[in-house]
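Colleague: I would like to go through the labels on this model and hear what each one rests on.

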Amino acid sequence: MFRARSPRSLPAAVLVTGLALAVSACGGSSGETTAADSGATAAAAQLDPNADLTKQSVTVTVWKGYTPEELPQKVKEKLKFDLKVTPHDTNEIAMAKLTSGADSGIDVAFVSGQYAQALNEAGLLEPLHPELIPNLANLYPEAKELAYDKGNVFSVPYTWGTTGICYRTDLVKTPPASWNDILNPPADAEKKVTMMTTERWLALPAVKALGYSVNTRSDEELAKVKEKLLAAKPHLLGYDDTTFGDKLKSGEAVMVEAWDGWCPTTEKNIKFVVPKEGSDLWVDTMVILKSSKNKEAAHALINYILSPEIHGWAAENILYKVPNKAAMDQVDAKLKADNTPLQMTPAQLLQGESIVDLGEDSTKFTRLATEVSAKQ
């Protein structure tokens, strides 16, 4: 089964720090976004629903392996226009492409929700034209209740999920139930626990264990988060965003902080749990750039991706849930049974707290992650 590299992982601390500043510069400081306060809404382009798509072409930037490899061929056959895919590894690399000041040539971008919010607040996104995306009807009603873009004004959710504890049932005496089981592990898990390196997720266990919002901006709260994270550090095997599943399989780790789709629950002795203090709701989205000269074709592409055939591919191949009822209904029952995170309902997901762009305050989490990671 193919597993895509995590779209939320970062390649280096230097990139985290430098591009967090870029994201903050193009993002606002508000929490939730609505149609009323979307700066781009009033400037929506006039699109032609009868446009000749054969005269257009679309360039999309997306995480490697996040869409079917044959998608360009399928688009050419179905929609009659050319599709060029330019991959990116991380949100930060995508943002560098999209915020450089020059025309990137990109029509559609896949970015996580808080980054879509930042791009919209910078005036870089085309408001969606729902009449050109009839397959929006395939989405769960809950997919319109996402804090960073209520009503799907400028973004279409592609995958969604949460973060929790992935663990070996045969190697821990008591199943974990709290984020404190990661932060202060029992003796049988000492030095056999990993946490994430990516800034918002490195902070998540301590943030939720202390009862704070995942979007906290409070210097006082973040100081307490830092204190808790530093206290946890001596008990950890290390920080890991990409190979924690392998460490669990080998027994090198017995408990890890994990995104739900990356917990290898197909393995007999591995389970996933959302801690009792609650967790996040992360979303990866599709957006259309205002600079696109192929907006009708861009809408047609998104509409096609929302078809059960294409959208269902994501659930079946990268094992992330998709907010598309028609697509999830066709996912193989055995695959769902073998991968318990795929069984989570939209209502359960919405119990998590949506991660939103924090504007300039994003650098607080960058600084926190850098200081915790560097501390000996």
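Modeller: Two strands pair if DSSP finds at least two bridges between them. Helices (H or I, at least four residues) and strands (E, at least two) are DSSP runs, numbered from the N terminus. This is a predicted model, in which local features need pLDDT of at least 70 and side-chain atom pairs count only at pLDDT 80 or more, while totals for chains, interfaces and linings use all residues. Residues are numbered from 1 along each chain as its sequence is written, and side-chain values use heavy atoms, with hydrogens and water left out.

Colleague: What makes strand β1 (residues 57–63) and strand β2 (residues 82–88) a pair?

Modeller: They are joined in the parallel sense over 7 bridges, and the definition asks for at least two. In one of these, V60 has V85 of β2 as its bridge partner. From β1 the chain passes through helix α2 (residues 71–79) to β2, a right-handed β-α-β crossover: with the strands pointing away from the viewer, the path from the first strand over the helix to the second runs clockwise.

Colleague: Why is T67 called buried?

Modeller: Buried means under 20% relative accessible area, exposed over 50%, partly exposed in between (1.4 Å probe, protein chains only). T67 has 11% relative accessibility, so it counts as buried. T67 lies in the loop between β1 and α2. Leaving aside residues up to four places away in sequence, T67 touches V62, F110, Y158 and W313, a contact being heavy atoms within 4.5 Å.

Colleague: How many of the 376 residues count as buried?

Modeller: The share is 56%.
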